[in-house]
Amino acid sequence: MTFLFNKNSHFNLANLATFFNIAAGMLAVYYLTHDNFFAAALFAWLAGAFDIVDGKIARKYNLSTEFGIQLDSFADFLSFVIVPTMFIFFAVIDGKELMLFTPLVAFAFIYYVISGLRRLIQFNINAEEGQVEKYFVGVPTPLGAILLWLVYLVWLTGLINENIVLISMIIIGYLLNSKLKIRHP
């Protein structure tokens, strides 16, 4: 079991937590495609918990590597970019896309996914093994996912319509790559 604390093992404890993040994200996608939004939300939040844990483990046991940095971003892309956009699509938009302004629907989803991907790539370019910056520049993808979740909850109340949800996605997508400084927890 020494591989769990071996920095050079792709299956060290930090990376295993990241793999659990990916598994939770995949299960969220499964439940989204089966209209089980409650289970999807639970697995999405579980993915978030594993995302917090993997970084803490990597720093505590000096397991941060270039592989782990890349793996974490791939997991974040799935769990905090793809899952939230799918959640918004299946829970809010699905079946209404032709009644709404279709170019806005397409633009909002494509823009958010590209914005999230661009943010994660830039983060990896700037990341150094074992280093944690004091501030994030731009909204981190996990926070973007939380903001989309809040938009969904407000939509459930009936206070906003689907067009406002789409515009909110565009604004949050923009914030992912903004110059806004957010203190790292």
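The stops below cover helix pairs and then individual helices.

This is a predicted model, in which local features need pLDDT of at least 70 and side-chain atom pairs count only at pLDDT 80 or more, while totals for chains, interfaces and linings use all residues. Residues are numbered from 1 along each chain as its sequence is written, and side-chain values use heavy atoms, with hydrogens and water left out.

**Stop 1: H2 and H3**

Select helix H2 (residues 37–60) and helix H3 (residues 66–93); helices are DSSP runs of H or I with at least four residues, and strands are runs of E with at least two, numbered from the N terminus. The axes of H2 and H3 come within 11 Å and cross at roughly 160°; axes are lines fitted to C-alpha atoms, for helices over the stretch in contact, with angles from 0 to 180 degrees between N-to-C directions. H2 and H3 are therefore roughly antiparallel (an angle over 145 degrees). Now display Phe 37, Ala 40, Ala 41, Ala 44, Ala 47, Gly 48, Asp 51 and Asp 54 of H2, which meet Asp 72, Asp 76, Ser 79, Phe 80, Val 83, Phe 87, Phe 90 and Ala 91 of H3 (contact means heavy atoms within 4.5 Å). The residues of this contact comprise 10 nonpolar, 2 polar and 4 charged (nonpolar: Ala, Val, Leu, Ile, Met, Phe, Trp, Tyr, Cys and Pro; charged: Asp, Glu, Lys and Arg; polar: the others, Gly among them).

**Stop 2: H3 and H5**

The contact of H3 with H5 divides into 13 nonpolar, 1 polar and 1 charged residues.

**Stop 3: H4**

Select helix H4 (102–126). Its buried residues (under 20% relative accessible area, 1.4 Å probe, protein chains only) include Leu 104, Phe 109, Tyr 112, Arg 119 and Asn 124. The buried residues of H4 pack against H3, S1, H5 and H6.

**Stop 4: H6**

Finally, select helix H6 (residues 162–176), whose 15 residues reach 21 Å from first to last C-alpha, close to the 21 Å expected at 1.5 Å a residue (1.5 Å times one less than the number of residues). Among its buried residues are Glu 162, Leu 166, Met 169, Ile 170 and Gly 173. The buried residues of H6 pack against H3, H4, strand S1 (135–137) and H5.

Notes. Buried means under 20% relative accessible area, exposed over 50%, partly exposed in between (1.4 Å probe, protein chains only). Angles under 35 degrees count as roughly parallel, over 145 as roughly antiparallel, 65 to 115 as roughly perpendicular and the rest as oblique.
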